[in-house]
Amino acid sequence: MRRRGLLGGLAAAGLFAAPALAGAGARFRLGLTPVFLDNDAVVIDRLRSALTGAMGAPVELIQRRTYQEITAALLGGALDSAWICGFPFLQHRERLALVGVPVWRGRPLYQSYLIVGAEDGAGGLADLRGSVHAFSDPDSNPGYLVTASDLARMHETPERFFARAIYTYGHRNVVRAVAGGLTRSGSVDGYVWETLAVVEPALTARTRVVSRSEWLGFPPFAARSDRAHDPDVLRFAEVLQRLQTTPAGSEALELLFLDRIAAGDTTLFEGIARRMAQVAAQR
Amino acid sequence: MMLRSLGAWPITFHVALATAALMILLGAAASQQVLATLGRLQDARLQEFARLHVEGLAVALGPFALHKDVWQVYDTLDRARAASSGRRILFTVVADEGGSVLAATDPARAPVDSPVAALAQGALPVAEVTAGNGAPVVRVAAPLAVQGRTVGTVVTELDVSDLVAQRRSATLALLAANAAATLIVVLANYLVVARMLQPIDLLARHMGAAGGAPQAIPAQAIPRADSVVSRLLRNFNVMAGAIDASREAGRRLAERERFVSLGRLSSSLAHEINNPLGGLLNATDTIRTYADRPEVVRTSADLLDRGLRHLRDVSRAILDENRLDRTGRPLSAADFDDIRLLFEPEAARRRQRLDWQTAAGDAALGHHPSAAVRQVVLNLLLNAAAAAPEGGEVSFRLTDGEDGLELAVSDDGGGLSGPDLERLASDRPVAPGGGVGLRMVRDFVGSMQGAIAHERAGGRTTITVRLPRRGAPPC
């Protein structure tokens with residue numbers, strides 16, 4: 001445990017960056033955050049196959065439990081690129097470059113949902129004071145920042161407002177926590193909730209969306225700024241943006257309920273930036 | 001009352017009842033052992049299951065409970081529940097070391113941060129878990145330990161309804177099997193005992209019921225084998241033959257007793273016949289002498305008529321006494337007139353005063369047989385006349401009471417001797433040398449279900465015979 005923790009810390013600090021890059025060779029390492037449907041091995045496998053086929057080289061999909069671990073691995077150079085959330089992307093804006101932004105239902109945007117149990121009578125966030133709330137990840141925009149910033153507008157913090165706030169490290173887990181009655185409410189990625197409503201309708205049927213945020217920039221694919229012009233990264237950006245043109249890529253996108261992946265631009269994330277500012281101001 | 005009526009049931013039933021009781025006792029003991037063993041096996045299996053479940057949770061949840069990671073505890077419980085193939089585990093809740101709920105498989109029952117105490121109420125340690133109390137759900141509590149340190153508690157509800165049902169069906173199956181076995185054994189026992197008792201039954205039937213005489217068992221009904229039973233039956237036949245012979249001897253004795261009675265009366269009766277004869281002969285002489293005097297002839301003829309009628313009555317009474325048999329006619333007032341006619345000369349011969357009182361009509365008398373009652377009264381009167389001194393008193397009283405006839409004969413003699421009283425009052429064998437008249441009285445009264453009382457008071461001996469009223473008199 002101690003050794004593993006030490007290695008993790010060193011990796012996060014970027015000390016292993018050079019060997020990682022040097023050892024990368026023909027293998028392209030893509031990090032995935034739990035924003036993804038982490039219980040669907042088939043989707044992961046199809047995505048890897050599609051990317052490998054399109055890249056012409058093996059693509060390794062790497063998953064970690066927390067956003068922080070993936071972001072640290074990306075910044076430390078253990079990953080060539082990562083599909084992260086807009087919140088950590090903005091947190092490390094100077095050190096990260098945009099590789100692509102998924103387009104969902106025609107737009108590179110999504111919402112954060114505040115959900116409660118299907119039978120719960122809450123009409124909004126204000127009704128949930130003193131209850132147990134489920135966040136996805138402290139570095140998740142829809143799974144934390146949106147609710148935290150809403151509370152900031154109410155001059156509250158999650159710690160004061162809720163009796164207890166737990167982190168489930170997965171948007172599906174937030175839905176499970178609320179559906180199972182572990183928590184009264186939860187902050188969840190709207191894209192994940194809508195996708196679950198199609199693939200696991202019995203699960204989402206036990207929850208009810210109380211409020212939806214404004215449309216915000218969809219979680220992007222990012223790479224380290226200093227490696228943004230590496231051939232591998234450029235090639236990966238090109239593969240992503242043409243993924244829908246290959247049968248395997250199209251199938252993978254279909255499984256992900258995405259239209260395609262666009263080049264995108266940082267202005268998509270201005271809404272998230274505003275919320276970050278509100279939270280920072282409250283603190 | 002119940003026990004008394006039970007005692008009247010056949011011995012085969014008694015044996016069957018005893019066998020059934022024994023079988024039920026044995027069945028209950030065996031069933032108890034089987035159920036106890038089943039219970040121990042079930043409990044051992046249940047405890048092993050609970051131990052594995054709790055130990056598995058302790059390994060998986062220990063670190064999460066230590067860090068109070070609500071989601072991980074819930075996620076682990078939820079996945080374990082979803083992955084569980086059986087339905088044994090109904091509910092599991094995990095609490096931290098302070099007793100606050102971290103998570104449960106059903107958060108509605110055990111919300112986060114609520115106290116676990118209420119849910120742990122009545123929970124047993126793993127080693128004491130049992131399905132033996134009949135409840136469909138049992139609750140188990142165990143500490144969650146990490147590296148020897150208790151970091152929380154896990155409480156689990158186990159569904160043991162299948163074990164309870166298994167125990168119930170085992171009980172029912174044992175009951176059914178025991179009942180069937182008991183029934184079969186009891187039936188077989190009944191048949192065997194009934195077969196074994198067949199010769200006894202045969203014997204009982206030939207013994208004669210309600211005082212009837214024993215009858216010899218037909219030879220073909222006696223087993224040919226020289227067994228104890230066949231010897232018993234053959235011996236019985238010998239005994240029955242002896243009893244028949246004895247009865248025949250008794251009958252002949254009774255017959256002879258009638259002649260004995262008449263014999264005892266013969267002297268008196270001879271006088272009774274002889275005395276009027278002188279008067280009658282005188283009357284015939286008078287008629288011859290005074291044939292021309294109608295009034296003398298008429299008076300003498302009347303005298304002749306009265307004398308001859310008396311002789312006719314005496315001879316008829318003697319003939320009747322001889323003719324009577326045991327299946328004869330019913331008793332009537334005329335029988336007592338006959339007895340008086342026969343006995344009076346004897347009393348007169350001994351110059352004894354006869355006090356004769358009869359107060360019963362034919363309607364009451366007709367319930368009883370003539371021959372037996374006549375013999376009883378005549379024997380008692382002759383006995384009283386013999387006992388009373390010359391010039392003494394003999395009395396006879398016949399009354400019709402509520403319960404039947406009462407015949408009382410008394411005398412002022414010295415009373416019955418010991419052997420005579422024994423003849424009259426007991427069935428002990430008659431001592432040789434004495435008469436059999438009193439024993440015959442006892443036998444006749446017994447055959448009529450009557451009773452004899454003997455009283456000695458004020459210098460008088462009174463023997464009272466009570467004959468119960470019986471059915472309608474024969475037509």
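**A first look around**

Analyst: Let's start with one pairing in chain A: Ala134(A) has Ile166(A), in β8(A), as its bridge partner. Keep in mind that this is a predicted model, where local features need pLDDT of at least 70, side-chain atom pairs count only at pLDDT 80 or more, and totals for chains, interfaces and linings use all residues. Residues are numbered from 1 along each chain as its sequence is written, chains are lettered from A and ligands numbered from 1 in the order in which they are written, and side-chain values use heavy atoms, with hydrogens and water left out.

User: Which strand pairs with β8(A), and over how many bridges?

Analyst: That's β7 of chain A (residues 132-135), which pairs with β8(A) in the parallel sense over four bridges. Two strands pair if DSSP finds at least two bridges between them. Strands (E, at least two residues) and helices (H or I, at least four) are DSSP runs, numbered from the N terminus.

User: What order do the strands of that open sheet in chain A have?

Analyst: The order is β8-β7-β9-β6-β10, five strands with mixed pairing. At the edges are β8 (164-167) and β10 (207-212) of chain A, each pairing on one side only. On average, neighbouring strands are turned by 30 degrees against each other, direction ignored. For angles, axes are lines fitted to C-alpha atoms, for helices over the stretch in contact, and the values run from 0 to 180 degrees between N-to-C directions.

User: Which helix lies across β6, β9 and β10 of chain A?

Analyst: α9 of chain A (residues 190-199) does, running at about 95 degrees to β9(A). Touching here is contact, meaning heavy atoms within 4.5 Å.

User: Switching to chain B. What's the strand order in its open sheet?

Analyst: Four strands in the order β2-β1-β4-β3, with antiparallel pairing. Because β2 (101-104) and β3 (137-146) of chain B each have a single partner strand, one side of each is left without a neighbour in the sheet. Neighbouring strands there are turned by 20 degrees against each other on average, direction ignored.

User: How many bridges join β1(B) to β2(B)?

Analyst: Three, and the two strands run antiparallel. Ala95(B) stands opposite Val101(B) in β2(B). The pair forms a hairpin with four residues between the strands, and Gly99(B) in the turn has a positive phi of about 90 degrees.

User: And how many bridges between β3(B) and β4(B)?

Analyst: 10, again in the antiparallel sense, with β4 of chain B covering residues 149-159. One of the pairings is Ala141(B) with Val155(B) in β4(B).

User: Which helix lies across β1, β2, β3 and β4 of chain B?

Analyst: That's α2 of chain B, residues 11-66, at about 140 degrees to β4(B). Helix α3 of chain B (70-83) packs on the sheet too, touching β1 and β2 of chain B, and its direction makes about 30 degrees with that of β2(B).

User: OK, where do the chains meet? How many residues of chain B are in contact with chain A?

Analyst: 14 residues of chain B, against 12 residues of chain A. The two chains bury about 1100 Å² between them, 53% of it on carbon and sulfur atoms. Buried area is the accessible area (1.4 Å probe) that two parts lose on being put together, summed over both.

User: How many salt bridges between chain B and chain A?

Analyst: Four, a salt bridge being a side-chain nitrogen of Lys or Arg within 4 Å of a carboxyl oxygen of Asp or Glu. One of them joins Asp113(B) and Arg164(A), at 3.0 Å from N to O. Both α3 and β2 of chain B supply at least two residues each to the side that touches chain A, and α3(B) gives the most, with seven residues.

User: How many salt bridges over all chains?

Analyst: The whole structure has 42. Among the salt bridges is Arg227(A) with Asp80(A), their closest N and O atoms 2.8 Å apart.
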